[in-house]
Amino acid sequence: MAPLLSQTLIHTGRFLLRRFLEPPPAVISAVAASRVCFHRYYSSKSLSLVSPLGLHCSSLFSPPALCNSAFSSSATSTTIEVQSTEHEVVIALGSNIGNRMNNFREALRLMKRGGICVTRHSCLYETAPVHVTDQPRFLNAAVRGVTKLGPHELLSVLKTIERDMGRKDGIRYGPRPLDLDILFYGKMRISSDKLIIPHERLWERSFVLAPLVDLLGSAVDNDTVAHWHSLAIHPGGIFQAWERLGGESLIGQDGIQRVLPIGDKLWDFSNKTHVMGILNLTPDSFSDGGKFQSIDSAVSRVRSMISEGADIIDIGAQSTRPMASRISSQEELDRLLPVLEAVRGMPEMEEKLISVDTFNSEVASEAISNGADILNDVSAGTLDPNMHKVVAESGVPYMAMHMRGDPCTMQNKENLQYDDVCKDVASELYLRVRDAELSGIPAWRVMIDPGIGFSKSVDHNLDIIMDLPKIREEMAKRSIAVSHAPILVGPSRKRFLGDICGRPEATDRDAATVASVTAGILGGANIIRVHNVRHNADAAKVCDAMLRRRRSKG
């Protein structure tokens, strides 16, 4: 019997290697049963069996990328899982009971502890319930990661997390604090009484497909992703399935909104352009240095910006103008914290957001502890290696900006060399965001800033303002989620505008600022960072009206 079994297993292995796909369930069951017999026969023998293909029999049923195989026999209810390497997986998350965002954060923590290393995050979606409609709206997302757990073992870990988070048996499709589903597991197609991959209704659910698409790049990055596309019921793969449902046109319609979490609230950044008013607490900023260093003057300035239409107040206590010297953490905090506390307590700040502009992780930590809603880092973590860890642990949104070098070196000749500024900025900024994501900052908490005026020439700044869609397109090649991140443009009163218009004084550049932010908004910017709030808020309203009109005409 043993030689016959050996030959059967070898031929089965050859078949799977040639096809590089999982076999049908019937073949899986047969192979699983024969493998049980094979193991029983050879378990007492000191043999190292190698097939003619050069593979040890212990890995014969999977190509190298598929070594973490699972075979389920419905006839015997036996699951055999061989764990020898990591598999890439996709897990969907849903929640509509309790603090939904906290539920997600805790789920990610427990997944990490359970042996799942999350490497990518989708955007975050708030969606209307389906089937059972008399219940709260859901929060939906998906994550991509790697694990050495077999598929049924992974399922068991996820079910345990659901129970630990308070999920109980109830109405199917009913309310739940947490719902975790395996969308893909390596290159496997699995069908057992407990687990079906891919889920047969995956392709008809926008609230699942939207976050799934986010985890991919428009350029297929590996064979596993290519296999996921091959599992779609449409020849065009996952993207075609999404487009057949309506694709991006569904967002903001059909009960699904893309949102960004800020505290316990969800921010729909697509419904209008948000205006960020600048509050510099520095003595040496290029436009308004020294004007707002006292608490009274700072509070008065914030009150004025709010009345003029600011949605966000961006407070900075460390100058980032060209050639600015770096101050100590303590000096930056001494400038920042008293004003932050005063501004946070202003009645006018209700429903408004506070951003703190710093590249220092110690300052970031204190600012977040004292009420900052957003962390705005002009270095995207390059000037302080601890920044990403601090922001990851805090849970606040992270604004990552593109800059080469530091304020003293960013305009050096070598930092102004680009092959294609939009492509290069997108590539370099993506790598910073990727590092942030691997450090624990989900893509659904990231905002991006191409860094107008930072290590850019006049022409570079103009190219960026005119071609923001190109930056999104380049990012989408690697991550659809990152390409959907809110984009901030900050050209306000910067030197390149003075060079173009012949305005050496920064305060004389407001009209030029309005022109540049108008182009940015029409090109897809979601946030404008400005000194003159009144004029730019009006420009944003006109641009938003134009964009609504364009959408209404189809």
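This report describes the fold of one protein chain, taken from a predicted model.

## Overall composition

The protein chain has 554 residues, of which 56% are buried. Its secondary structure comprises 18 helices and 19 strands.

Among contacts with a separation of 6 or more, 69% link residues 24 or more positions apart. The chain exposes about 23,800 Å², and carbon and sulfur atoms supply 51% of that area.

Strands of a sheet pair through backbone hydrogen bonds, in either a parallel or an antiparallel sense. Here, eight strands form an open sheet with parallel pairing, in the order β17-β16-β15-β14-β13-β12-β19-β18. The edges are held by β17 (446–449) and β18 (488–489); each has a single partner strand, so one side of each is left without a neighbour in the sheet.

The partner of β17 is strand β16 (residues 398–401), and the two pair in the parallel sense over four bridges. Within this pairing, A400 stands opposite I448 of β17. Helix α9 (residues 329–344) packs on the sheet, where it touches β12 (274–280), β13 (312–316) and β14 (353–357). The direction of α9 makes about 175° with that of β14.

## Strand β10 and its antiparallel partners

Strand β10 (residues 256–262) is mostly covered, with six of its seven residues buried. It pairs with strand β5 (residues 124–127) in the antiparallel sense over four bridges, and E126 stands opposite Q257 of β10.

Strand β10 also runs antiparallel to strand β11 (residues 265–267), to which three bridges join it. I262 has K265 in β11 as its bridge partner. Two residues lie between the strands of this hairpin, in which G263 takes a positive phi near 65°.

Methods
Residues are numbered from 1 along each chain as its sequence is written. This is a predicted model: local features need pLDDT of at least 70, side-chain atom pairs count only at pLDDT 80 or more; totals for chains, interfaces and linings use all residues. Side-chain values use heavy atoms; hydrogens and water are left out. Two strands pair if DSSP finds at least two bridges between them. Contact means heavy atoms within 4.5 Å. Axes are lines fitted to C-alpha atoms, for helices over the stretch in contact, and angles run from 0 to 180 degrees between N-to-C directions. Buried means under 20% relative accessible area, exposed over 50%, partly exposed in between (1.4 Å probe, protein chains only). Accessible areas come from the Shrake-Rupley method with a 1.4 Å probe; for residues, only the protein chains shown count as cover.
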